[in-house]
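Trainee: Could you go through this one with me, slowly, while I have it open on my screen?

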Amino acid sequence: MYIIVGLGNPTREYNNTRHNIGFAAIDELAEANQIAVVEKKHKAVIGKGYIEGHKVILAKPQTFMNLSGESVRALLDYYKVDEKAELIVLYDDISLEPGKLRIRKKGSAGGHNGIKNIIAHLGHNEFQRIKIGVGEKPKGYDLADYVLGHFKKEEQKIMEEALERVVQAVSCMITEDADSAMNRFN
């Protein structure tokens with residue numbers, strides 16, 4: 001079984017912001033695989049289903065970004081999966097151009113507070129992840145205002161295509177492995 005967690009902030013005001021691209025990726029995975037993400041459990045909204053014949057839990061933590069680790073820890077404790085091999089975290093990355101994907105099997109938080117909190121709750125940084133590029137903050141912008149802002153009109157199509165590639169990358173990670181997905185999607 002895989003637990004696939006998309007990072008974001010709950011409440012309507014954060015919908016479609018750069019920081020919530022992880023939630024958008026979960027929505028895209030849910031739609032592509034007919035999984036209803038509606039059950040409230042483990043400090044998240046979750047959905048159970050199958051991707052490529054493998055059982056999955058899709059999750060959107062409801063703890064707010066900076067406390068994402070609380071929900072991830074609760075999910076891992078309940079479902080007893082191998083967090084190094086069966087956890088995949090999807091989240092925004094400002095160091096990547098909009099729409100670019102970067103798949104990793106481990107790594108630092110890179111300044112991302114949601115990932116920092118997950119690492120703190122796991123006690124290590126060895127879990128699979130897909131970083132989704134949202135673009136670098138323009139000079140003079142406050143970082144929080146930038147990541148909590150919406151995509152420009154010209155970026156929206158790029159991000160829709162990126163989410164379709166996330167669905168393909170997750171399928172590849174599940175059916176093959178992270179290395180194959182890195183070779184194909186990075």
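Trainee: Okay, what do the buried residues of α4 pack against?

Mentor: Keep in mind that this is a predicted model. In it, the buried residues of α4 pack against the helices α2 (68–79) and α3 (83–86), and also against the strands β5 (87–93) and β7 (128–133).

Trainee: And which residues of α4 are buried?

Mentor: Helix α4 covers residues 113–122, and the buried ones there are Gly114, Ile115, Asn117, Ile118, Ile119 and Leu122.

Trainee: What comes just after α4?

Mentor: Just after the helix you find glycine 123, which takes a positive phi of about 85°.

Trainee: New topic: how many aromatic pairs does the structure hold?

Mentor: The structure holds three aromatic pairs. In one of them, tyrosine 78 and tyrosine 79 have ring centres 4.8 Å apart and planes at 80°, so that pair is edge-to-face. In another, tyrosine 141 and tyrosine 146 have ring centres 6.2 Å apart and planes at 90°, so this pair is edge-to-face as well.

Trainee: Which charged residues lie over the face of a ring?

Mentor: Lysine 60 lies over the face of phenylalanine 23, at 5.5 Å from the ring centre, and arginine 129 lies over the face of phenylalanine 127, at 4.1 Å from the ring centre.

Trainee: Last one: where is methionine 159, and why does it count as buried?

Mentor: Methionine 159 is in helix α6, which runs over residues 153–175, and it counts as buried because its relative accessibility is 4%, where the cut-off for buried is under 20%.

Trainee: What is methionine 159 in contact with?

Mentor: Leaving aside its neighbours within four places in sequence, methionine 159 is in contact with Ile21, Pro98, Gly99, Ile132, Gly133, Val134 and Phe151.

Notes. Residues numbered from 1 in each chain as written. Predicted model: local features only at pLDDT ≥ 70, side-chain atom pairs only at ≥ 80, totals over all residues. Heavy atoms only, no water. Helix = DSSP H or I, 4+ residues; strand = E, 2+ residues; numbered from the N terminus. Buried < 20%, exposed > 50% of the residue type's maximum accessible area, 1.4 Å probe, protein only. Contact = heavy atoms within 4.5 Å. Phe/Tyr/Trp six-rings, centres within 6.5 Å; stacked < 30°, edge-to-face > 60°. Lys NZ or Arg CZ within 6 Å of the ring centre and 35° of its normal.
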